[in-house]
Amino acid sequence: MIYLDNAATTWPKPEAVYVAIDSAMREHGANPRRGAYRMSVEAERLANGTRRAIAKFFNAPAPERVIFTLNGTDALNIALHGLIKPNDRVVTGPFEHNAVTRPLQARGAGAQVAAARPAGALGIDLDHFRSLCRERLDYVVISHVSNVTGCVAPVKEIAAITHERGGVLILDAAQSAGTLEIDMQDLGVDVLAAPGHKGLYGPMGTGVLVLAAALPVRPFRQGGTGFKPESLEQPAEYPWRLEAGTLNLPGIAGLAAGLRFVQSTGVSEIAKHGSQLAQILSARLRKIDGIAVFGDPAPRTGVVSFRLAETGAALTGTILDASFGIAVSTGLHGAPAAHRAIGTFPEGTVRASFGQFNTAADVEALLAALQHINAAPNPAA
Ligand SMILES: Cc1ncc(COP(=O)(O)O)c(C=O)c1O
């Protein structure tokens, strides 16, 4: 099977990730919350070592404000439900995932959506964004990289505008953590939410919420932390404030190994590899009659969305899988807003997304398969 759905979750994982998960379960299988015995202390050390590694990776000022979460969605929910109040003024981008739009809707926050740039809808219209920020501003919530088009948001400019207006910037780094350099302090990111299982190469069931400042995030989950157990209140201190219950230690061990893989490979190398494959695919697809490509003509990340004129997105995906053994994502990819912005709603697109283990041969195989489908669009005929 040729796996081209790395924007959903990277697969396969580096060998060291499987080994780390296995050994965490066999050798550090105790509860990491303040046990008095060595195996528990070792487990806690592993969790806190990973916290420090994550903080360093994103240049976040305080490891204790790295919160382990279930995935990117969970990290966003903790931040959005924990910070935003119903009458707060929130500005978001045009390409947001449901992991942003649904919690905002549920909070009852009147989110103003910045427009996409008209020409080809290749990015956020910064002038419009700036004009939305002229009024009172509490939060800006923005995805760093669109999971539909692969377009990269100008985070530094967005952060500067947000801070000028006294707002807090919450970055959905689901598609950028591990695939683009992120220095939270340099970019001006106040809150970062990222899955562990995509570009950080950890297992599913992992994610992180990273707070640059000691923001008073209200916990919506209460319970045991091993810290101040005598109190009826959830501790105010981080990370315990936002981490209740037993941690996913095997997942955290896998995430630590995934992060080591990313660091030893180099984020710039990973970015180069993904964007090179995406650029080859995008350029070649644009030359084929009957195929429309959406997004940046020179993708900076490994995501390419396209559609065949004669074959629906879902059917294209089914044929790619059944007849060619190629796994891609089809439809709205959980981001209907992005499809509305680029004019592909409601059908969505076919999305190929590359990871570090894909090769140029995978791109050739996809191109050959698509040419075949494009030439004979109706398999039943
Ligand atoms: C832009 C974006 N935000 C958030 C998410 C949610 O991440 P997770 O699947 O880890 O919950 C995704 C997942 O595809 C995404 O692409």
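Me: Which of the 13 residues around the ligand come nearest?

Reply: T73, D172, Q175, H197 and K198 come nearest, out of 13 residues around the ligand. A residue is near a molecule if one of its heavy atoms lies within 4 Å of it.

First, some ground rules. This is a predicted model, in which local features need pLDDT of at least 70 and side-chain atom pairs count only at pLDDT 80 or more, while totals for chains, interfaces and linings use all residues. Residues are numbered from 1 along each chain as its sequence is written, and side-chain values use heavy atoms, with hydrogens and water left out.

Now sort the shell by class. It has 7 polar, 4 nonpolar and 2 charged residues. Here Ala, Val, Leu, Ile, Met, Phe, Trp, Tyr, Cys and Pro count as nonpolar. Asp, Glu, Lys and Arg count as charged, and the others, Gly among them, as polar.

T73 places a polar side-chain atom 2.5 Å from an oxygen atom of the ligand. G72 uses its backbone instead: a polar atom there is 2.8 Å from a ligand oxygen. N147 has a side-chain N or O atom 3.5 Å from an oxygen atom of the ligand.

How much of the ligand is covered? Taken alone, the ligand exposes 390 Å², and the protein buries 89% of that. Accessible areas come from the Shrake-Rupley method with a 1.4 Å probe.

Where does the ligand sit? The ligand is in the largest pocket. Pockets are found on a 1 Å grid over the protein atoms alone. A pocket is an open set of points where a 1.4 Å probe fits, with protein on both sides within 12 Å along at least five of seven lines. A molecule sits in a pocket if more than half of its atoms lie within 2 Å of its grid points.

To recap, T73 is one of the residues that come nearest, and its side chain reaches a ligand oxygen at 2.5 Å.

Finally, step away from the ligand to the backbone. Most peptide bonds are trans. The bond from W11 to P12 is cis, with omega near -5 degrees. Y238 and P239 are also joined by a cis bond, and omega there is about 5 degrees.

Definitions and conventions. A polar contact is a pair of N or O atoms within 3.5 Å; within protein, one must be able to donate a hydrogen and the other to accept it, and residues adjacent in sequence count only if both atoms are side-chain atoms. On a 1 Å grid over the protein atoms alone, a cavity is a set of points where a 1.4 Å probe fits but cannot get out, and a pocket is an open set with protein on both sides within 12 Å along at least five of seven lines; lining residues have an atom within 4 Å of a point.
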